[in-house]
Amino acid sequence: MIDKTSPIPMYFQLKEMLKGMIKSGDLKPGDRIYSENELCEMYDVSRITAKRALDEMVREGYLYRLPGRGSFVQGRKIDHTLSNFYSFTEEVKKQGLEPSSKIIELKVIPADELVSEALGIEEGASVTFVQRLRMADDSVIALDHSYIPLSVCERITFEELENNSLYQVLRGKGITPDRATESFFAEPLMEEDARLLNMETGTAALKVCRLTYSNDRLIEFNYRYYKGQQYRYTIELK
């Protein structure tokens, strides 16, 4: 409880108590934390004390806010230094976290203008479309969209992707991703993408577009929306 006779400021005591609940697992990534009013009632502190404790936890990266919905426990931030070809799965493992995916869609579709231009194929050509939520320690990090021409890989099954990364599946079929180009920019989330990421519609997300090659053959067009508060890119310049 809060010791009101202590020289330690009450907001700091409250902040440390809440941080302890996160570190112990009592509050998990994605959980809504108590509101200012709830903290006032629970710990007999002022609204100013509760607000400062929450504000500092947001600033320190323990919480993030969704307008109109409250404050939520932040998952561990992934700090990715860009210097070599990588896969999401490998990068998450390097951080000591457990990568996983949830398949939202897996189907063959005709390439639209955007996809055909990116892949250098005819509009309407068949591509495998994979939409997945990418997670680290069960905390959603990104929403991923991949397009692979059927001329590159004829069939990818749900069963194959359920327990393997996409690149592992491709390698198993004799296709080895070995090079990629990426571009980065902020883009507001449309309603369905925002819903899948548990974010507000119109919130700016980090969008990463990738073209992946195997032996100089273009094999994949991918774009991914990252939850900005949980992923950070650092570019290494040599």
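Biologist: How do you know how helix α2 and helix α3 pack?

Modeller: Two packed helices are described by the angle between their axes and the distance between the axes. Helix α2 (residues 36-43) and helix α3 (residues 47-59) pack at about 120°, with their axes 9 Å apart. Axes are lines fitted to C-alpha atoms, for helices over the stretch in contact, and angles run from 0 to 180 degrees between N-to-C directions. Helices are DSSP runs of H or I, at least four residues; strands are E runs, at least two, and both are numbered from the N terminus.

Biologist: What is the model's basis?

Modeller: This is a predicted model: local features need pLDDT of at least 70, side-chain atom pairs count only at pLDDT 80 or more, and totals for chains, interfaces and linings use all residues. Residues are numbered from 1 along each chain as its sequence is written, and side-chain values use heavy atoms, leaving out hydrogens and water.

Biologist: Which residues make the contact of α2 with α3?

Modeller: Contact means heavy atoms within 4.5 Å. E36, N37, L39 and C40 of α2 meet R47, A50, K51 and L54 of α3. By class, that gives four nonpolar, one polar and three charged residues.

Biologist: Why do β1 and β2 count as paired?

Modeller: Pairing needs at least two bridges found by DSSP. β1 (residues 63-66) and β2 (residues 70-73) have four, in the antiparallel sense, so they pair. R65 has S71 in β2 as its bridge partner. Three residues lie between the strands of this hairpin, and G68 takes a positive phi near 80°.

Biologist: What makes β4 and β7 edge strands?

Modeller: The open six-strand sheet runs β4-β5-β6-β9-β8-β7, with antiparallel pairing. β4 (99-110) and β7 (179-188) each pair on one side only.

Methods. Nonpolar A, V, L, I, M, F, W, Y, C, P; charged D, E, K, R; others polar.
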